[in-house]
Amino acid sequence: MTDTSTGTIDLSAVRIALIGAGNMGGPVGRTMLDAGVRPENLQVVNSSPESSERAASELGAIAAASRAEAVRDADVVVLGVKPYQILDLAAELRDDLPEGAVVLSLAAGITLAQLEEALPPGTAAARAMPNTPISVGEGAVGLMRGDAVADAQHELLHALFSRAGVAVDITEEQVHAFIGAAGSLSAFVFAIIEAMTDEAVRLGLKRDLAAALVQQTVRGAATMLAESGMHPAVAKNGVSSPGGTTVQGLAALEREGVRSGVAAAMAAAADASRAMTKG
Ligand SMILES: NC(=O)c1ccc[n+]([C@@H]2O[C@H](COP(=O)([O-])OP(=O)(O)OC[C@H]3O[C@@H](n4cnc5c(N)ncnc54)[C@H](OP(=O)(O)O)[C@@H]3O)[C@@H](O)[C@H]2O)c1
């Protein structure tokens, strides 16, 4: 995987159609605005006019009257609907797509080949697999490039995700591992943070203090590894005094199977992604 985030392209004239600004499409729209897309160049459409208006006003963008209107002048058409809707939507847009537009699907389990088959021949199609922490600029995005995507279009996609956190090129085979290691991993981390916070409360801390301490420690540990390049085992050994509190806790962690539980969760997510992919 190569991190090719550039952020050097001027996005002020780039026009985006965002069809499906929900839990994932919304943050994708937000990160594109953060990267430099002008709000008046981001056309949003959901399943009803009211929903389109609501999503557009949350983003400070424009609500399009219809899917056809949203894509009419778009440079990039983002498909943020549910996976089962993607191919019908792509087929519906066939006649409205402007020449030179890139179609970017966020859907899990729908391959580039399936998407390309539903679109007019030669359409530039790509996939992005984001996670929700992109909404605070600390997410991860895996980009998959279809054969018809030109170099300039590929650079444009990277520029659009330049404020998302990290954006890497992956293959469609790697997307299953990517979902385990990033796409779904954020939810596993939320669950672990919840468990740690609950236990800190049980140990006697007030919930707001418990939450602040746990979140700061998780953030600090990740930042320390990222900034130092230190192996996690070295960092862990560095705080393990003989017979001390941390080694006792680490031993309990291993006895309870936390390491294998985390591995099983990641493997289950990757397996589910493989099972969803039929193409
Ligand atoms: N959630 C994640 O963490 C995540 C991560 C990576 C990838 N994805 C992918 O992102 C995609 C969306 O998932 P999600 O979790 O964001 O789902 P979601 O919250 O249900 O959002 C789906 C959006 O599509 C809109 N929509 C439905 N039918 C439409 C239509 N006919 N025309 C225009 N808009 C329509 C919905 O609008 P209304 O609200 O008006 O119905 C809603 O805004 C999926 O393909 C999923 O695989 C999700």
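Let me start with Thr 123, which is buried, with a relative accessible area of 15%, where buried means under 20% relative accessible area, exposed means over 50%, and partly exposed lies in between, computed with a 1.4 Å probe on protein chains only. Thr 123 sits in the loop between α5 (112–118) and β7 (124–130); the helices (H or I, at least four residues) and strands (E, at least two) are DSSP runs, numbered from the N terminus. If we leave aside its neighbours within four places in sequence, Thr 123 is in contact with Leu 97, Ala 101, Val 103 and Ala 148, and contact here means heavy atoms within 4.5 Å.

Before I go on, please keep in mind that this is a predicted model, in which local features need pLDDT of at least 70 and side-chain atom pairs count only at pLDDT 80 or more, while totals for chains, interfaces and linings use all residues. Residues are numbered from 1 along each chain as its sequence is written, and side-chain values use heavy atoms, with hydrogens and water left out.

Now the chain as a whole. The protein chain holds 12 helices and 9 strands, and its C-alpha atoms fill a box of roughly 70 × 35 × 35 Å, taken along the principal axes. Of its 279 residues, 39% count as buried.

UniProt, in an unreviewed entry, lists residues 15–109 as "domain: Pyrroline-5-carboxylate reductase catalytic N-terminal"; UniProt positions are given in the numbering used here, feature names are shortened, and annotations may be inferred rather than shown by experiment. Over residues 15–109 the chain is 40% helix and 19% strand.

Let us look at helix α2 (residues 49–59), in which the buried residues are Ser 51, Ser 52, Ala 55, Ala 56 and Leu 59. Why are they on the same side of α2? Because they cover an arc of only 130° around the axis, the arc being that of the directions from the helix axis to the C-beta atoms. An α-helix has 3.6 residues a turn, so residues three or four places apart point the same way. On the other side of α2, Pro 49, Glu 50, Glu 53, Arg 54, Ser 57 and Glu 58 are exposed. The buried residues are covered by elements that include β2 (16–19), α1 (25–35), β3 (42–45) and β4 (62–63), and just after α2, Gly 60 takes a positive phi of about 75°.

Finally, Lys 236 is found in helix α10 (residues 232–238), and at 31% relative accessibility it counts as partly exposed. Which residues does Lys 236 touch, not counting residues up to four places away in sequence? They are Leu 250 and Arg 259. Lys 236 and Val 247 are 11 residues apart in sequence and 9.3 Å apart in space, C-alpha to C-alpha.
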